[in-house]
Amino acid sequence: MKNILFAASEGVPFIKTGGLADVVGSLPKCVDKQYFDVRVILPKYACMKQEWKDKMTYVNHFYMDFNWKSEYVGIMEAVVDGVHYYFIDSEYYFSGSKVYSDDPLWEIERYAYFSKAVLSALPVIGFKPDVVHCHDWQTGLIPVYLKERFHDGDFFRNMKSVITIHNLKFQGKWSTETVKSITGLPDSYFTPDKLEAYKDANLLKGGIVYADAVTTVSDTYAEEIKTEFYGEGLDGLLRARSNDLRGIVNGIDYTDFNPTTDKHIVKPYDAVNFRKEKVKNKRALQKELGLKEDDKKMMIGIVSRLTDQKGFDLIAYVMDELCQDDVQIVVLGTGEERYENMFRHFDWKYGDKVSANIYYSEALSHKIYAACDAFLMPSLFEPCGLSQLMSLRYGTIPIVRETGGLKDTVEPYNEYESKGTGFSFTNYNAHEMLNTIRYAEQIYYDKKREWNKIVDRAMAADFSWNVSAKKYQEMYDWLIG
């Protein structure tokens, strides 16, 4: 049996702010239990729901030298869906009303504490991982500490580490002197070939330098981040580590996202009966959102954070033009104020065509995936993206820009060979996007049989976690040797 420990700042079902939590919650369930014992360690946040805190039991506690004082570290545990979870408990570091604060220095201090506490807790709980699988910058110090002070003695000697980059934009950067003082790492670690980057200390960089393997969440993104445009200042390092860098596309939980059993949607359907049943979800959503009730009208969905990264500047540029077309647009999400207000404006101007829902609701997101005909995702960059995988699952055809995971998971429609699961465009250009949307409209209205075949292929695509889990298993085997 090989032991794997996932260390992350969030994980479903305990705490979630984004896609990272879905990965940390879903992947351990799908790894082959016959060969791997995968456990997860997370911070115990005060803002977790009480029902999840009630499942935790106290294991032990100890004191650890950290940031020039002796700091309490509590350990709790819980077992959910057959996965063993541990929690690092610290009233001081994890008591806020939100998961993340807006103070970058405080974030660095609390996740440096978490990284050191994770390794310090392992002998106490008696779980000895062969591989510690770290996620994003919040756990970037684990590979560093593992090589620096935890490598002596039998317990840690052959322990390997992997770091997965979910989004390279977030790196955990602050002044070198301050980070040196907080972490207690020696001066020799803060050089340009180690933790220092452009005069600052960089926690993610430390993780990439010291981890035994580096992964990211799609093949294309793994290539893109070696270039200056996508590399966020670390492209040189990622080129240097390219032999140890691999892309493994995320999956989605096929039990949570399943149009035949989804509790959130009005009318369940499957790959066989979608031609008749899927439209009933559209009817219900049009009614619920006050849109014009019309089965035949093409409905385009957007479920997203409303930020530049997600391509909303392109949408803003042609939104008025798009609203002249025979389509309905349903938006769900929050983000930058200008995009929130842009969608509110078009909802006001074209009330029967545009529905702007500027909040987040799990139930409404499922209804949108089920009701819409197409799903728009024109991202500037997208390490993996999960929304396009959900829309494929529901037979809602993705219209995407060819970047990162979007390029790897959506096969562009080819009318000559009758292939493809969606529509895509290459350049980050508003009119190229608009032309692609209009091409999709043309197929939807004029070649309905072709459209239905695209839906067939989309619903047949397999992006469940089982496929990705096998690739992670291969990597663990390779690392453990």
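1. A word on the ground rules. The model is predicted, so local features need pLDDT of at least 70 and side-chain atom pairs count only at pLDDT 80 or more, while totals for chains, interfaces and linings use all residues. Residues are numbered from 1 along each chain as its sequence is written, and side-chain values use heavy atoms, with hydrogens and water left out.

2. Let's start with H3 and H6. Helix H3 covers residues 104-125 and helix H6 residues 176-183 (helices are DSSP runs of H or I with at least four residues, strands are runs of E with at least two, both numbered from the N terminus). Their axes come within 10 Å and cross at roughly 30°; axes here are lines fitted to C-alpha atoms, for helices over the stretch in contact, and angles run from 0 to 180 degrees between N-to-C directions. H3 and H6 are therefore roughly parallel to each other (angles under 35 degrees count as roughly parallel). The crossing of H3 with H6 is right-handed, that is, the near helix is turned clockwise from the far one by less than a right angle.

3. The contact itself is worth a look. On the H3 side, Leu-105, Ile-108, Glu-109 and Ala-112 meet Thr-178, Val-179, Ile-182 and Thr-183 of H6 (contact means heavy atoms within 4.5 Å). The residues of this contact divide into five nonpolar, two polar and one charged; Ala, Val, Leu, Ile, Met, Phe, Trp, Tyr, Cys and Pro count as nonpolar, Asp, Glu, Lys and Arg as charged, and the others, Gly among them, as polar.

4. Now for the cores. The largest nonpolar core has 95 residues, of which Phe-14, Phe-87, Ile-88, Tyr-113 and Ile-208 touch the most other members. Such a core is a set of buried Ala, Val, Leu, Ile, Met, Phe, Trp, Tyr and Cys residues joined through side-chain atoms within 4.5 Å (buried means under 20% relative accessible area, exposed over 50%, partly exposed in between, with a 1.4 Å probe and protein chains only). H3 gives the most to this core, with 11 residues. A second, separate core of 74 residues includes Ile-252, Leu-306, Ile-368 and Cys-384.

5. Helix H11 (residues 312-322) packs on helix H12 (residues 337-349) at about 25°, with the axes 11 Å apart. H11 and H12 are therefore roughly parallel to each other, and their crossing is left-handed. Among the residues that meet are Phe-312, Ile-315 and Met-319 in H11, and Tyr-339, Phe-343 and Lys-349 in H12. The contact of H11 with H12 divides into eight nonpolar, no polar and three charged residues.

6. Do check Asp-326, in the loop between H11 and strand S14 (327-332). Asp-326 is partly exposed, at a relative accessible area of 39%. Beyond residues up to four places away, Asp-326 touches Lys-297, Met-298 and Tyr-445.

7. Asn-357, in strand S15 (residues 354-357), is buried at 7% relative accessible area. Glu-277, in helix H10 (residues 274-289), counts as buried at 11%. Leaving aside residues up to four places away, Glu-277 touches Lys-267, Pro-268 and Tyr-269.

Note on methods
Angles under 35 degrees count as roughly parallel, over 145 as roughly antiparallel, 65 to 115 as roughly perpendicular and the rest as oblique.
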